[in-house]
Amino acid sequence: MNEMDNKWIGKNTIRPDGADKVTGRAEYAADTIMPGMIWGKVLRSPHPHATIKSINTKKAEELDGVFSVATSADCIDFPVDTPVILGIQDIRWMARNVLAKEKVLFHGHPIAAVAARTEEIAEKACELIEVEYDVHPWAIDIDDAIKPDAPILHDFIKFDGRPSNIAGTLEHKKGNVEEGFKDADIIIEKEFETAAVHQGYLETHACLVSVSPDDKTTIWSSSQGQFMVRAMTSFITGIPQSSIRAIPAEIGGGFGGKTIVYLEPVATILSKKSGRPVKMVMTREEVMRASGPTSASKSRVKIGATNNGKITAAQGTFYLQAGAFPGAPIRGAAGCCLAPYDIPNAHTFGYDVVSNRSKVAAYRAPGAPIGAYAVECVLDEVAEALKMCPLEFRLKNAAKEGTKAVHGPTYPVMGYVETLEACLSHPHYKAPLKKLQGRGYASGFWFNAGGESSAQVNITEDGNVVVTTGHPDIGGSRASIANITAELLGIDINRVSVIIGDTATIGFSNLTGGSRVLFASALVVTESTNQVIDILKDRASKIWNIDKEAIEWENGEARPAGDNAGKFKPLSLVELAEKATPTGGPIGAGHQVNTVGAEGGFATHICDVEVDVELGIARIIRYTAAQDVGKAIHPAYVEGQLQGGVVQGIGWALNEEYIYNKEGKLDNPGFLDYRIPVCSDLPMIDTILVEVPNPKHPQGVRGVGEVPIVPPLSAIANAIYNAIGTRFYSLPMSPPKVLEKISD
Amino acid sequence: MSEVKFVSPETLEQAVDEYSKSSKEGKTKILAGGTDLLVQIRSGASQPDTIIDIKNIKELKEISNYNGSYTIGAAVAGAVLDEEKDFGNNWPGVLEALRLIGSEQIQGRASLGGNLCNASPAGDSVPALIASGATVNVKGPEGERNMPIESFHAGPGKTNLKNGEIVVNFQFPKKQKHSGDAYIRMIPRTEMDIAVVGCAVNVTIENDKCVDARVALGAVAPTALLVEDASKALIGSNFEKDAVEKAALACEAACNPIDDKRGTVSYRKKVSKVLFKRALEKAIERAKRG
Amino acid sequence: MAKIQVKTKINGEETEFLCQPYDTVLDVLRRDLNMTGTKEVCSTGDCGACSITLDGRLVCSCLVLAAETEDKDIETIEGMAKNGKFNVLQKTFLEHAALQCGICTPGMLVAAKSLLEKNKNPTETEIRYWLAGNLCRCTGYDKIVKAVQAAAEEIRENA
Ligand SMILES: Cc1cc2nc3c(=O)[nH]c(=O)nc-3n(C[C@H](O)[C@H](O)[C@H](O)COP(=O)(O)OP(=O)(O)OC[C@H]3O[C@@H](n4cnc5c(N)ncnc54)[C@H](O)[C@@H]3O)c2cc1C
Ligand code: FES
Ligand code: FES
């Protein structure tokens, strides 16, 4: 099909769920109610690190209005030394994160939960639970956790043969770095650190769970995957997956943070024990204290290049803090950081470090911004030493089709170079700067992902279309699916409705995450729709009594393929639907598959800052993000992904951080002091959508959601240097830190 | 929460009566805009058993101007005072300080009285009120009294109000000819933050000479400060560099801050000087205009 | 405990409810009146998701006691579309893709409407500062600001 002929793909249609969301009708998890519903609340650890000696829930159970109490004793027991892997999670840890078992490992760690007539009673009952602790010293920061005499979180985790808080490592190697550095004329090596930052989704975690006496369980919750909710709840409670129906409520943001469960298994236990539907809603403070931020990090990066600007070798070591349980996103840091470049010799190394903070959860391109921050800042220094334009320097070393990446694959067609060229030819690149203003550049990469996906496309009796997919829609994926379906069927977009099925109504579909959703669901929806078209042709062939092959589907109707096929008045979708029963019955098709062929995404950003050198404040005054998006099915929502990701990156770079006090407790568990960017902090975020279609996808889709958060940290650091001549190696570049360094 | 009482008296007398009576028996809280109080109730930091809503009391909601001297009710919300254009012409520094508090939503409720009585060292309107020379009228079981703003606070979260006393309104002096006030604060973002440092300056100029000056700082000590040494350095000067530098150093010297999640001691000290100079510049410009 | 009886007007409709002294308007809207269009995100005034107008003034419903609303006029997101028709802001938000997850949207719309009632021709800076108390983590605000600009333009054209 010719691009230009597209009627819906590439158009900014109104999203199917839009009307509900602008009128307040849309149901998020906290908006759901059930008759007889009671409220659950969680008792959380007052200590950052302690052994639980005993838990006595008797007084809580006896309080008037209390229906049930849950502790880890109500969960399936997963021995600490036997991995139970589910996707990238380990149920051993997940179970202990949901309700602490042997130990509490961070301030805010759930210990028990109560369901009661009201939230107030549940809270009061929590206070009546008696817990005896044996309090231990704690380690919050990476340095504290890896020093020789550090308090050990998990005795059985060994590194170099000794109990350690280093829970895992990962390594990528290409060529020979020692040799590579020998070939370099200039070598720059620097150390960096970043603070832990939270995804900052606005909707707090919430669920409503109803368990009947035969264990049939219904869960309404907001998550990035109803199937993940079902599986994890099943593991932890022992209720078989077939008995659990997980219904995806509208989700108020996740950014990776809702790819694991916190409340659902707890509410399930409370409901099972009380026989009542149980609703649980976290407060903002609980979200900040006990749901996963992403890692704090320390890293060291060394890059060597020749005088004519070719990188000869690169080396990176990244320590990422995992929080209470193993699982820091070292793969994203060590795997993505050098991906945009063609480097003959490289070695990256990642360490997964546990410490007494809440367990990290995925956050948009998990780990990748941390790796890119260090690498892209060093590249800026190398380019400066070589007196090269930072973009030209990147262009000279850019990975292309056929380049073997440091993290393994050999790249197919890809659009990294195009993002650099787009920036070089954008007016922003040449725009004049005033005093104390500066410009910075950086690139970024994310793997993107495919994975399991299911879809069902059904024709209604009146000849319209209902599409069901299995991935929760956070950023507008329903709109893109509607575009694709309307395009393929050749009908008006308003005749297509797209819904997200629950675990009982649609086949298994993996998480919304890793920029996989549109890639995967477009594949299965395309296949299902093509099957539907095939059925429609078949029905027309029956009506006309000609060969199916002699029929083509165009503009929403079946037509004879040519004069030879015979002369018939085309049959529209409506007409075929009317005749569905006599021609063979209901019309619909589904497809479920493990999708493959997701290809990486690249971006290059230009950022201008202005620095108030007397106060240490850096403000973003202009920003342009260029990204290879494959094919923008719904350009406005693609732009929205870029803009949202960039702004999260801006927050990470400038002001967001988890601040711990001397007692090992988070000191800023709310939006007043955990400073995500507000509207007045920002300029418009310009986007350049570079479209180099993914050859392995019917519409050319690549993921777009993760990449935009990768370059900002370093683009901003580089811009500040350009403005004032001071380099910063530690995030956030908050005013006190900036001023202190400038005044030195 | 056994028997929590909510009352909304319509006269000041009833309010004072209720306040002095109930605060003898338990924990009573006055409710103005509630933008501090409700957050404190929510976090458990405050658990009053009587809440007295003062927003139905006429005196506390009144804005009046008698011969150029303004009286502003303690419970008047920021967004409401903003609509009183003439007040802003007279006391742009006070208005901008009040308007910096929170978002537009917060402005629909937040009051000068609440900001003052909450007694946060970082309360934005307080330095501006001090610099303006405003006083506060207070009514209690023992009658009425008037206090300068700078002697209102006893420490972080503590006021010098006596049992049963309610802040009724703020009394502003008549604005001098060729005087101007200004307030500037430092926050990491552009909005929605608590001041790391705040500085208010109010100057009166005659023939290019500073004849009166009041300088106040916020968030750098247990309470907002009137920096008299800064005033002294300015009065009599032509705002020449030396005088301004001396006043700035007085600001820095007056600081007695703490290290906390919002800023360090050294940061606050440095910034107090910068903000003083910027606020001074703005105040001078305003003074020259009117 | 004795509950407080309150009579108030919500979206033009006389409404009566019983509440506890500590209950906020947000609690009553969401929990008791099942008007869940107004969102609860922080409960401390920091995010604006719970924005409503009270006697025409923009406020956070999480910072207003329900007991205070006797004889008041409350407007929520549910009252924004009139007679089954979108308000112009609702329309421009949809047209400009000004929402992703949509959890901030009701509060954003209520706040933006209150701005345009005061100022029909706001600058970009005025829009950005007016909406500074409405957090959005998904969009980076760009398209929200544009949708408000578009709505303002439409209002001016139709005036
Ligand atoms: C999101 C957010 C942002 C904020 N940003 C800022 C900011 O930038 N700068 C800043 O300074 N503050 C800020 N605040 C704090 C608060 O908004 C201000 O202190 C505000 O001025 C308080 O006024 P109020 O009328 O709401 O006070 P209330 O909460 O009603 O009262 C505050 C305290 O004063 C007492 N009180 C009130 N009025 C009287 C009276 N007349 N007599 C005796 N006692 C009284 C109350 O009992 C209570 O203890 C913010 C708050 C929030 C929620
Ligand atoms: S919920 Fe009211 S401001 Fe966030
Ligand atoms: S659209 Fe998700 S928070 Fe604004």
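This is a predicted model: local features need pLDDT of at least 70, side-chain atom pairs count only at pLDDT 80 or more; totals for chains, interfaces and linings use all residues.
**Two interfaces of chain A**

Between chain A and chain C there are four salt bridges.

One of the bridges joins Arg30(C) to Asp31(A), where the closest N and O atoms lie 2.7 Å apart. Polar contacts across the interface of chain A and chain C come to 25 residue pairs, with both residues at pLDDT 80 or more.

Which elements of chain A give two or more residues to the side that touches chain C? They are helix 1, residues 18-23, and helix 19, residues 635-654. Helix 19 of chain A gives the most, with nine residues. Sorted by class, the side of chain A that touches chain C holds 28 nonpolar, 16 polar and seven charged residues.

Now the extent of this contact. On the chain A side 51 residues take part, and on the chain C side 43. Chain A and chain C bury about 3900 Å² between them, and 61% of that comes from carbon and sulfur atoms. Within the area that chain A buries against chain C, Val22(A), Cys679(A) and Met684(A) account for 20%, more than any other three residues.

Next, chain B against chain A. How many residues does each chain bring to this contact? Chain B brings 19 residues and chain A brings 23. The area buried between chain B and chain A is about 2000 Å², with 55% of it on carbon and sulfur atoms. In chain B, the residues that lose the most area to chain A are Pro188(B), Arg189(B) and Lys261(B), and together they make up 34% of what that side buries.

As for charges, chain B and chain A share five salt bridges. One of them pairs the side chains of Arg262(B) and Asp673(A), at 2.7 Å from N to O. The polar contacts between chain B and chain A number 14 residue pairs, again with both residues at pLDDT 80 or more.

Where on chain B does the largest share of the side touching chain A come from? It comes from helix 12 of chain B, residues 265-289, which supplies six residues. By class, the side of chain B that touches chain A consists of nine nonpolar, two polar and eight charged residues.

To recap the two contacts: chain A and chain C bury about 3900 Å² and have four salt bridges, while chain B and chain A bury about 2000 Å² and have five salt bridges. That is all I have on these interfaces.

How values were computed:
Residues are numbered from 1 along each chain as its sequence is written. Chains are lettered from A and ligands numbered from 1 in the order in which they are written. Side-chain values use heavy atoms; hydrogens and water are left out. Contact means heavy atoms within 4.5 Å. Buried area is the accessible area (1.4 Å probe) that two parts lose on being put together, summed over both. A polar contact is a pair of N or O atoms within 3.5 Å; within protein, one must be able to donate a hydrogen and the other to accept it, and residues adjacent in sequence count only if both atoms are side-chain atoms. Helices (H or I, at least four residues) and strands (E, at least two) are DSSP runs, numbered from the N terminus. Ala, Val, Leu, Ile, Met, Phe, Trp, Tyr, Cys and Pro count as nonpolar, Asp, Glu, Lys and Arg as charged, and the others, Gly among them, as polar.
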